[in-house]
Amino acid sequence: MDIVVVQFLTGLASASSLFLVASGLSIIFGVSRIVNFAHGSFYMLGAYLAWTLVERLPYGPLGFWGGIVGAAAIVALLGLVMEFVLLRRIYRAPELFQLLATFGVVLIVQDATLWLWGPQDLLGPRAPGLRGAVTILGQRFPQYDLLLIFIGPVVLALLWLLFTRTRWGTLVRAATQDREMVGALGVDQKLLFTTVFMLGSFLAGLGGALQLPRESVNLQMDLTIITDAFVVVVVGGMGSLGGAFLAALLIGVLHAFGIVVFPKITLVLIFLVMAVVLVLRPYGLMGRKPGPVAATVGLVTPLIGPTPRALVWLGLVAGALLVLAPLFVGDYTLTILSEMAILALFAASLHFMMGPGGMASFGHAAYFGLGAYAAALLMRQLGLGMPLGLIAAPLAGAAFGLLFGWFCVRLSGVYLAMLTLAFAQICWSVAFQWVELTGGDNGLLNILPSGWAQTRQGFYWLALVLSIAGILLLRWLIRTPFGHALRAARDNPLRAEAVGMAVGRLQWAGFAVAASFAGFAGGLYAYFKGSVFPTFISIPRSVDALLMVLLGGVDTLAGPIVGAVVYTGLHEQLMSLTDYWRAILGLIIVVLVVAFPQGLAGQARDWWLARNGGRA
Amino acid sequence: MSAVLAVDGLRKSFGGVHAVQGVQFALGAGEMLALIGPNGAGKSTCFNMLNGQIRPDGGTVMLDGRDITGMKPRDVWRLGVGRTFQITATFASFTVAENVQLALSSYHRRLTTLWRRASSLDRDEALALLRQVGMADQADRQTGILAYGDLKRVELAIALANRPRLLLMDEPTAGMAPQERVGLMALTARLAREQGIAVLFTEHDMDVVFGHADRVMVLERGRKIAEGTPEAVRSDERVQAIYLGSGAMYGEGH
Amino acid sequence: MLTVQGLDAHYGLAHILAGIELTVQRGEVVVLLGRNGAGKSTTLKSIIGLVRPSAGQITFEGQGIAGRSPSTIARLGLGYVPEERRIFTELTVRENLEVGRQKPRQGVPHWTPEKLYALFPNLAEMKDRPGGRMSGGEQQMLTIARTLMGNPRLILLDEPSEGLSPLIVEQMADAIAALKRDGMTVLLSEQSLHFAARVADRAYIIEKGRIRHEAGMTALLADADVRQRYLAV
């Protein structure tokens with residue numbers, strides 16, 4: 001009993017920081033419609049800055065609390081800079097591009113933090129005056145945690161007053177629904193956005209700074225917290241502060257108990273709770289179905305016409321050159337080309353679900369990784385080789401696509417995307433924690449292809465042929481009645497239902513198809529690398545896929561291929577040039593988003609149309 | 001004349017507000033029935049219950065003698081209920097013909113076909129429907145860039161794809177110019193008569209209502225307060241007081 | 001008071017407005033008549049700054065406003081009432097009015113919630129009701145009241161009669177007439193000639209993004225030829 005109470009209280013204490021971060025994320029999303037991936041980075045920066053400030057300032061209540069609040073204030077200023085320099089330029093860009101840009105910031109902040117504070121974990125001091133513990137039912141409980149338990153509700157109350165009792169709050173709530181109309185009524189939107197972004201960033205920074213006495217400060221904090229914050233926001237209901245608070249309590253307490261009772265399956269437990277909540281209330285505990293987003297007039301998604309003859313020839317020539325490539329190029333280039341082929345298939349599978357399917361995924365690596373693990377486990381556990389592995393990989397992708405997709409297709413837009421990310425993180429943690437089966441961080445090694453494909457050339461041809469076949473199959477699917485129906489459901493779900501289409505089932509099938517091709521790509525990748533690691537499922541891998549698709553352009557069939565080739569090439573080059581390749585990659589992403597909001601292939605198509613005066 | 005649509009005792013409340021309370025009416029083949037009433041009188045709710053978008057709290061909806069109360073929209077559609085929306089709803093990233101082809105392929109249960117190109121499936125039938133509404137010459141244009149009046153015609157063609165017995169039209173002429181309104185409703189009336197389709201429509205334009213409806217039904221606060229020929233409803237004092245006003249805003253009023 | 005010269009606007013590659021020319025004098029009620037897609041809404045949106053004009057000049061009270069942000073234009077005393085009403089559904093009537101509030105402006109009536117409740121008695125009965133739980137007619141009144149809270153010198157009304165029952169349309173016409181009596185200047189867009197006839201002094205007929213005809217309202221009603229050619233009534 002006693003331990004139950006103490007664990008419960010520990011959960012409440014963790015919930016406070018989580019609530020601060022999630023509420024900031026939710027407020028920013030509400031007004032700007034931007035899912036700020038960099039919100040987790042602000043949390044991390046809050047913790048690092050607090051560490052530095054508290055170390056430098058004289059030790060004492062003033063120094064400590066001054067350091068905490070000071071760190072949050074500096075983060076708020078960084079938020080101001082980010083809003084001013086980056087977000088203002090992309091408010092009109094498609095929402096996924098905005099997301100990508102913020103992910104670029106994540107990469108930049110990661111390397112900046114590494115450069116400034118170094119790779120080692122940092123430990124902060126305890127809070128002065130709260131270093132001890134109180135005894136609750138015979139168990140010791142830190143005084144500091146007791147304080148944290150109170151901070152959450154206090155912040156909730158302050159935010160509530162701010163939003164309901166001040167003119168600023170009324171304007172923010174109005175802008176959350178229709179920011180354009182607020183502007184047309186004479187309200188300076190820019191100022192409103194900037195202040196909202198500062199408040200949200202402040203909350204993230206404060207959440208991070210307050211963790212200083214509780215845990216070590218490290219470079220993984222950003223992605224860990226952003227996943228938890230996504231879960232909280234989805235479970236609580238987007239835009240609802242009360243919901244975020246409830247969900248933070250729920251998740252915080254679950255974490256605390258999970259670690260004691262079922263240390264291995266904490267995340268699975270959270271997944272189950274999230275699944276139950278979303279089945280009962282698809283828009284979260286206190287969320288409401290989002291109203292129809294004001295239609296963007298004049299932005300009509302182009303037709304998918306027959307492939308232009310010139311492009312067919314280009315494809316044939318490129319294909320022929322690729323088949324003959326081993327005659328001209330060396331081993332290193334062949335390796336890169338193999339990787340590009342596999343990743344192009346991976347990107348094409350994501351494109352299938354994002355473009356025609358209209359379902360963006362932040363967690364597509366889940367199916368890639370599951371395919372890879374399926375192939376690897378068949379070999380390690382049952383001794384079955386590549387032919388069966390390459391059959392099992394897409395099946396594994398499809399099976400989990402059906403399972404996770406069943407939940408995901410109940411949502412749409414950013415909600416759906418966040419849920420896919422949460423599922424991917426659960427897969428990642430299982431791969432990471434279930435050491436007996438997956439080898440954990442050490443991965444599964446010696447996953448060899450069949451004998452004839454063990455030469456670089458042999459494997460290259462295998463990867464090339466299978467990837468091209470997969471991509472062509474996906475392109476064909478887009479043109480079948482099934483592909484058309486999927487796209488129709490994206491264009492207008494209400495109308496689709498009204499002409500007898502089962503929109504939910506169509507999307508579920510589309511989700512599973514995309515997952516199975518991703519799984520297939522993952523299986524190939526396992527034999528390509530000869531090993532499988534949890535990083536195959538990690539957030540950066542999912543973002544790689546998103547980048548390739550968006551870089552190429554969602555509205556073009558050639559987009560994912562162009563994107564995969566460009567991105568993989570860039571990645572390889574950067575990694576060989578500098579240790580800080582992440583920051584440079586991040587910078588390139590940001591610049592590309594600002595310069596080519598339609599993607600490279602989309603840009604090429606518009607250029608082509610403008611030159612030829614034709615229509616799409 | 002046996003009724004295509006027979007509605008009895010239809011009820012629905014939202015959080016204690018009685019949106020529709022005990023509405024009853026019938027509609028025969030080839031007949032045009034207009035449903036009018038103040039904003040918030042329950043017209044949309046009534047409409048959405050007929051095609052299954054909202055499940056009624058009570059009452060029955062019979063289509064050709066078959067109980068369709070509470071069925072899903074797509075099942076209702078398959079039984080022969082077509083629908084057009086107040087704000088035009090088409091598939092914007094497809095051509096005009098493909099829009100109709102999609103509805104036809106759905107009707108013929110061919111949406112899961114994986115070995116044929118969708119753009120060639122059911123094309124002739126789609127072109128025939130487009131000819132009926134006068135849109136065949138624009139069959140290969142993208143729907144997203146059509147003029148508003150043309151979109152309404154495409155919607156009508158889509159709604160005819162399942163060979164409907166009943167057509168539900170929610171403010172079919174909203175946003176159209178007077179001449180286009182007359183054209184669209186005359187076309188609808190002709191198709192209804194020729195193919196024996198029962199048409200139920202809501203409308204705020206009284207020129208359209210009094211010009212094209214065979215019968216008019218008036219809702220207020222979820223109840224039917226009048227029903228009859230256009231002339232009878234137009235001269236009903238109660239209807240004038242709650243809905244029609246002085247008549248200055250339609251007809252020869254100015 | 002308001003002058004538009006050579007106004008062009010595009011959505012993507014589509015040319016929506018081509019050389020719109022119009023003027024509105026102080027105290028006038030002017031109507032833009034035309035069918036859906038003719039460019040009425042886009043003209044009003046270009047004036048308030050929601051659509052960025054690709055060419056042309058817009059002068060309001062002697063200041064060029066083309067290409068400036070909606071909030072800047074609104075704060076010069078130009079009020080905008082959108083076609084789709086765009087009420088803040090989560091906010092109460094009172095809060096909706098608060099969003100529209102601007103500082104008092106010299107030379108124009110200073111509107112307060114109390115004065116607006118007197119003009120629209122329906123709203124007075126539901127001050128704390130969320131906008132989403134009002135009927136279409138009530139929302140239409142709220143959206144006008146919200147714009148009046150900015151104490152505008154001129155209001156742009158986009159299709160005030162669309163989707164409303166005949167009785168509410170009459171009430172709408174009465175409200176506009178009342179505003180006109182108080183000296184308000186109004187530029188509205190309409191499809192209904194009946195409504196225009198009831199409220200407007202002067203009319204422009206717009207078709208395919210161009211002004212085709214301009215006339216006093218009385219003259220237009222008497223001119224069967226023009227009505228037949230452009231409005232088919």
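Two strands count as paired if DSSP finds at least two bridges between them, and the strands and helices themselves are DSSP runs (strands: E, at least two residues; helices: H or I, at least four), numbered from the N terminus. What you see here is a predicted model, where local features need pLDDT of at least 70 and side-chain atom pairs count only at pLDDT 80 or more, while totals for chains, interfaces and linings use all residues. Residues are numbered from 1 along each chain as its sequence is written, chains are lettered from A in the order in which they are written, and side-chain values use heavy atoms, with hydrogens and water left out.

**View 1. An open sheet of 6 strands in chain C.** Reading across, the order is β6-β7-β8-β3-β9-β10, and the pairing is mixed. β6 (78-81) and β10 (210-216) of chain C sit at the edges with a single partner strand each, so one side of each has no neighbour in the sheet. On average, neighbouring strands are turned by 15° against each other, direction ignored (axes are lines fitted to C-alpha atoms, for helices over the stretch in contact, and angles run from 0 to 180 degrees between N-to-C directions). Zoom in on β6(C) and you'll find it running parallel to β7 (residues 154-158) of chain C, joined by 4 bridges. There, Tyr80(C) stands opposite Leu156(C).

**View 2. A hairpin in chain B, plus another strand.** β1 (residues 3-14) and β2 (residues 17-28) of chain B pair in the antiparallel sense over 9 bridges. Look for Lys12(B), whose bridge partner in β2(B) is Val20(B). The hairpin has 2 residues between the strands, and Gly15(B) takes a positive phi near 50°. β1(B) also runs antiparallel to β4 (residues 58-63) of chain B, with 5 bridges; here Asp8(B) has Thr60(B) as its bridge partner.

**View 3. Where chain A meets chain C.** In contact (heavy atoms within 4.5 Å) are 20 residues of chain A and 23 of chain C. The buried area, meaning the accessible area (1.4 Å probe) that two parts lose on being put together, summed over both, is about 2,000 Å², and carbon and sulfur atoms give 56% of that. On the chain A side, Arg167(A), Met181(A) and Leu185(A) lose the most area to chain C, together 30% of what that side buries.

**View 4. A salt bridge between Arg86(C) and Glu180(A).** Their side chains meet at 2.8 Å, N to O. The interface has 4 salt bridges, each a side-chain nitrogen of Lys or Arg within 4 Å of a carboxyl oxygen of Asp or Glu. Helix α6 (residues 167-184) of chain A gives the most to its side, with 12 residues.
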